[in-house]
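Grab a pencil and let's work through a few exercises together. Try each task before you read its solution.

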Amino acid sequence: MADEVNNNENVEKSENGHGLINPSAEPLRVFRIEVLHMIKEAQQQHGLRHGDYQRYRGYCSRRIRRLRKALKFPQGDKRHFKRRDVTFAQLTGKRADERFIHIPLISAERAWAYAMQLKQEANTEIRKRFHLISKLRKACGYALQLQELCNLEIFDARTKLECEAYVAWMHGTLHFELQSWKTAGEHLKRAQVVYENLAKALPEDEQELYKAKVNEFTPNLRYCAYNISGGTMGGNMDDLLEMRAQGLLENLDVLVNQTKSESSEGLQTIKWRGRKVTVRPEKVRLFLLSAQELDKTLEKTIKLDAKIELIERTLMDCKDAIQSVKDEIKQDPKLRSLTTGQPVSGVQYLLAYLSYIRFNRTLQRNLCLVEQAKANFDDPNQKSQIALDGKRVRSQDLARLYEIILQNVSEMQQILGMEDHTTYQSEIDNLALTFKAFRCYYIALTLIDMKKWKEAVALYERASKYATEAMKGPFCENFKMLDDLKKLVITIDGCKFSAHAYSVLENDNYDDPIFRSKSQKSSKPLYERLSQYKEDQSLFTKNPNVFKLIPEMEAIPCKPLFFDLALNYVELPSLEEKLQTPDKKGISGFVKGFLGWGANK
């Protein structure tokens, strides 16, 4: 909607923009067009919420047709086409209507939506990129036409600023697709600054939309800055990897491969467990470089969901790298089989190293899942109460997660070529003891919930034993959990005595006939067991079992029924002789009755 304000200036302009003073003209009306609010609302309602640009393009075409028909501003007739652009003449005078300015705006949106649709299809058909660029140029032309109209005096300052930001964003999108990084960065930065100033000047209830638009420019600006700097390694690469986890860059894999090509040439060998191995496959070298940068990115990432996403993407790249090494092993018949006692070749040792990275990152991801689950777990042995944000996690859920982690650790022990490595096996064994301690602890909590005190005490003892042994052994370089084990031992010491006390109390209460009924379930109402003490939780519900208002049914003798079964077999005498036969009536009787005489009275 546009706000129309009377203006004291009496100005009239022709179509070519020359101003002529006309004292008799009507005062101009000032329009306000909320460009960003209008296009965002239309996009959310017509397909862009689901990324359907074709649907949004169809809506724009229908909207333009409806506008031209309602404003009686067609482009020719049914047979001939004659282009008619919106000019200053349609925005002033008696027929002035703010809807005229919607025509170039919706036309720009239609061309932009068509370009975004072609961008999705260009992944399989590269030639469509030329059509994409053509449509973006057309959208920029309509945007410039919109800005030229909005720079007139009939529009307020807010409309002019929004049009300026919209034009800058459209030109930035065009140059971004043309890979003119410097020009694209300048246009996008200009649009970002304008939207920031608009957000500061508007009321609080309208600022959210403009702040969200400002945040949309951030990934593209960082991407342009990265390309302008020449793709140097360092902090920019960390930003790109973090953007990849958020799914903001589609061609990041290609970018990483291009920018790391020079660095990968220097990564010809790796050293692991005291042995150097030559890295020949190019895909493996690129993966190892990205794996080195992952730890830095994880330290900067705060949210667990983003960390899990980063690790899962790295695992997919690791899977491809392992497959490339396996393909190389298949091509060499000498490397296909490895017998016990035979020295491990360089390629097989590289495969073992990649497998270790894969299991290591998988274990790291599972630990993030455990940390995420603990955030929604109400531990009865922890004094601090944690506010549960999501679904409540049970102790058996955590025990199941640690069971999956132990399976992962067992796979790490079976890596081909590392069976005889003493130091490696001792570290993995100690890691298994660590996770066994945590698994026993959460299984014990599950038994506590089931009131199985003796079994819980036994598991607490086993968890304490595993934790004590794990603290004495060698720790893995990537998983040093000494502090967690110390906290676990302190927690278990208190839990053992608590569970033991509950166990003894249960035994004492079982021998006492007064308290025996405490653990027994009874269906008797309360008035029948007043002499027995029992903590019945059903008494606090909506239907307490206190007294039966309806008396129970009692068995009573029913009235006897006699059935005569011999009646069907009794032969009764004939009674035909005793029956009276009716008088025979002929024609004479009929005549007597008809004439009325001779009838019985």
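Two strands pair if DSSP finds at least two bridges between them; strands (E, at least two residues) and helices (H or I, at least four) are DSSP runs, numbered from the N terminus. You're looking at a predicted model, where local features need pLDDT of at least 70, side-chain atom pairs count only at pLDDT 80 or more, and totals for chains, interfaces and linings use all residues. Residues are numbered from 1 along each chain as its sequence is written, and side-chain values use heavy atoms, with hydrogens and water left out.

**Exercise 1.** Work out how many bridges join strand β5 to strand β6.

Solution. Find β5 at residues 269–272 and β6 at residues 275–278. Four bridges join them, and the strands run antiparallel. Next, spot Lys271, which sits opposite Lys276 in β6. Finally, check the hairpin's turn: two residues lie between the strands, and Arg273 has a positive phi near 55°.

**Exercise 2.** Decide how helix α11 and helix α12 are oriented.

Solution. Start with α11 (residues 282–300) and α12 (residues 304–331): they pack at about 160°, with axes 10 Å apart. Axes here are lines fitted to C-alpha atoms over the stretch in contact, and angles run from 0 to 180 degrees between N-to-C directions. So α11 is roughly antiparallel to α12 (under 35 degrees is roughly parallel, over 145 roughly antiparallel, 65 to 115 roughly perpendicular, the rest oblique).

**Exercise 3.** Is Gln192 buried or exposed?

Solution. Locate Gln192 in helix α6 (residues 181–201). Its relative accessibility is 7%, so Gln192 is buried (under 20% relative accessible area, with exposed over 50% and partly exposed in between, using a 1.4 Å probe and protein chains only).
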